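Here are my notes on this entry, written for reading beside the model.

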Amino acid sequence: MEYLINLAILFGIYSMLALSLNMLIGMGGLVSLAQAAFYGIGAYATAIGMTSLGLGFFTTIILGIVVNAILAFVVGKILARFQGDYYAIVSAGLSIIVFSILQNWKSVTHGPLGIFGIGKPEIGSYTFYSNTAFLGLVMVFTVAFYMLYQWINKSSFGRVLKALREDEHLTHVMGYKTKQYKSVIFVLSAALSGIAGAFFASYIAFIDPSSFQLKEGIFLFTIIIVGGLSSAIGSVVGALILISLPEVLRFVGLPYETAAQLQQMIYGAMLLLMMIFKPQGLFGKYRM
Amino acid sequence: MKKFLLSLCMVLALVACKDEKKEEAQADTKPVVKIGVLYPLSGDSAFFGDSAKKAANLFFKEFDATKFKYKYQLIWEDSQSSPVRAAMATHKLIDYDHVDVIYDMHSGVSIAVSPIANAKKTLHLAFAQDRAISTGFYNWRVVTSTKKTGEKMLSALKKRNLLNVIGVVENIAGTMSLYGGFENVAKQDKDMSLETMSINPGERDFNLLLQKIQSKKPDAIVVSLHAPEIDIFMRQARMNEINIPIVGVQSFTFLKDKSLAEGSWYVDVAMADKNFLERYKASSGDEITNFAENFYTLLQVTTTIYESFDGKEKPTHEEFIAKIPVLNGVISPIGKLVVDKEEQNVDSEASIRSIKKGIVVAIEE
């Protein structure tokens with residue numbers, strides 16, 4: 001049971017990440033691979049804040065949001081000039097830069113040795129020390145993310161984003177400041193990723209740059225592609241599948257000499273089949 | 001879609017509702033000691049897991065399992081050398097498999113496992129050097145300390161009068177920890193001049209770096225690099241006709257093409273004795289052990305302590321830890337073991353190795 005609770009915590013964290021990324025890609029059509037960078041900044045804000053500055057968990061969440069928002073605002077201004085593939089490439093560049101900073105700014109991030117001993121969230125005198133309590137907190141935030149997604153999706157802001165996704169030029173001609181819309185959703189998505197990062201750091205209690213590489217951004221992208229673009233439920237289901245599938249495969253009675261390799265092959269094959277039969281994702285409302 | 005999600009939920013539910021008692025009943029009369037092995041079994045570092053499996057086969061072939069008071073069961077999980085995957089696998093090993101001991105390797109993985117093992121009061125034996133791993137009562141390391149490898153490197157350099165050296169270290173937890181041990185002792189030595197340059201994993205062009213090093217005219221270059229960077233570095237050093245001695249902190253162990261460091265020497269954790277190397281080769285057919293001797297030692301450490309109990313009931317983790325000092329002086333494939341209670345490490349002597357005709361050989365100094 002305890003194992004499932006841990007799995008559920010990870011599922012919750014990745015659901016938050018997928019929802020924040022789907023706002024950007026699914027709603028806005030802005031293919032960003034920088035999500036892992038903002039996720040990492042949020043995680044490091046919590047790790048450094050809690051272990052070096054003595055801040056509380058929730059204060060470090062705010063710190064992560066602020067740092068991410070500022071960075072995303074600056075980078076968003078640059079990214080707003082790009083569209084389609086170029087947007088993806090430039091965002092991938094940001095991911096690589098952030099990873100490089102995390103890896104090399106050793107006096108602050110401890111480089112590849114990482115930061116350990118990250119504490120659990122506290123409210124007053126209550127510490128979310130048990131995994132069940134931690135899961136409860138993660139789920140509260142996951143539901144809040146879900147509701148925020150749905151609210152934005154139905155709002156006029158969300159409708160403009162979807163129009164922008166379908167035809168940016170036309171949306172601009174209709175009088176909407178498309179660059180501003182792109183910047184706002186980029187900042188919002190980055191800030192939300194930082195929250196997920198904070199939970200990840202507190203849950204794992206140890207972080208190093210390897211968890212926030214470009215490949216993590218591609219993994220998050222895969223989650224929303226499998227679940228379906230522009231769909232809140234798709235983000236959550238995508239996270240459920242991609243997080244739990246490799247864990248489920250641990251229980252398949254494969255011969256131990258080749259189990260690890262076979263598990264990865266099965267995992268890859270299942271994703272491939274899913275894409276063949278459901279190219280728009282399981283709950284996708286929009287196809288790239 | 002509904003069917004897929006339903007089946008996924010059913011599998012997860014089955015996992016949750018597994019009947020533990022039934023599993024216990026299936027075991028024979030001896031108490032079963034479950035050992036969770038969290039090693040890289042896929043990806044770039046999978047060869048370590050492969051060697052560990054071969055070492056386990058050799059261990060159980062050599063020790064008559066019927067004479068053991070306990071039955072030892074290994075449960076293998078792939079760490080993928082990733083802290084996140086390792087953390088999930090640790091939860092699985094502890095909560096689902098109910099393992100008594102967890103083995104793992106690589107500092108990044110071991111540091112992620114440590115807080116979980118400690119919180120769940122499960123014994124954790126790591127073949128990794130970072131001191132942070134040994135935080136908490138239940139986390140121990142079984143590895144040559146970085147202090148010993150550092151001291152060995154320093155004395156080897158001084159013996160050869162190589163006093164002005166440039167270090168090239170890769171930004172990876174393991175290589176940095178090992179190099180850190182050398183850097184610490186070198187900085188305290190008045191005769192030694194050490195300048196350190198770092199590279200990032202994934203870097204492929206070392207030509208400029210090599211030229212820069214050459215312009216500084218050091219007595220030697222000390223590399224602490226992982227695969228595949230070490231192969232690329234050595235190849236480019238050869239292409240640039242670098243005639244300064246290149247020596248290594250562990251690095252040459254990771255060389256795929258050992259001929260690139262033919263005749264060079266390096267310092268590493270304790271090396272397997274000749275006898276073990278012959279037995280290992282005869283059993284697995286492999287010349288190169290990839291730390292198989294260390295996995296063998298992990299098993300020897302575990303069984304030595306367990307077998308010192310009466311075999312009627314499994315000792316608690318606390319009882320096991322209290323008995324760790326019995327390992328002092330135990331002869332293993334990596335030599336005599338020394339228990340360092342303060343560091344929570346079962347230490348061994350560092351080795352100086354050389355590569356001759358593509359084979360790693362020990363140098364007696």
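1. Start with the side chain of Gln129(B). One of its polar atoms lies 2.9 Å from the backbone oxygen of Thr144(B). Keep in mind that this is a predicted model.

2. Where does Gln129(B) sit? It is found in the loop between S4 and strand S5 (139–142) of chain B. Gln129(B) counts as buried because its relative accessible area is 10%, under the 20% limit.

3. Gln129(B) has contacts beyond its neighbours within four places in sequence. Among them are Arg141(B), Val143(B), Thr144(B), Ser145(B) and Thr146(B). Ser107(B), Thr149(B), Leu178(B) and Val269(B) are also in contact with Gln129(B).

4. Now the sheet. It is open, has seven strands and mixed pairing, and runs in the order S2-S1-S3-S4-S5-S14-S13 (chain B). Strands S2 (71–78) and S13 (338–340) of chain B are at the edges. Each has a single partner strand, so one side of each lacks a neighbour in the sheet. From one strand to the next, the twist averages 25 degrees.

5. Helix H4 (residues 83–96) of chain B packs on this sheet. H4 touches strand S1 (32–39), S2 and S3 of chain B. The direction of H4 makes about 150 degrees with that of S2(B).

6. How do strands S3 and S4 of chain B run? They are parallel. Five bridges join S3 (residues 101–105) to S4 (residues 123–127) in chain B. In this pairing, Met105(B) stands opposite Phe127(B) in S4(B).

Technical notes
Residues are numbered from 1 along each chain as its sequence is written. Chains are lettered from A and ligands numbered from 1 in the order in which they are written. This is a predicted model: local features need pLDDT of at least 70, side-chain atom pairs count only at pLDDT 80 or more; totals for chains, interfaces and linings use all residues. Side-chain values use heavy atoms; hydrogens and water are left out. Two strands pair if DSSP finds at least two bridges between them. Helices (H or I, at least four residues) and strands (E, at least two) are DSSP runs, numbered from the N terminus. Axes are lines fitted to C-alpha atoms, for helices over the stretch in contact, and angles run from 0 to 180 degrees between N-to-C directions. Contact means heavy atoms within 4.5 Å. Buried means under 20% relative accessible area, exposed over 50%, partly exposed in between (1.4 Å probe, protein chains only). A polar contact is a pair of N or O atoms within 3.5 Å; within protein, one must be able to donate a hydrogen and the other to accept it, and residues adjacent in sequence count only if both atoms are side-chain atoms.
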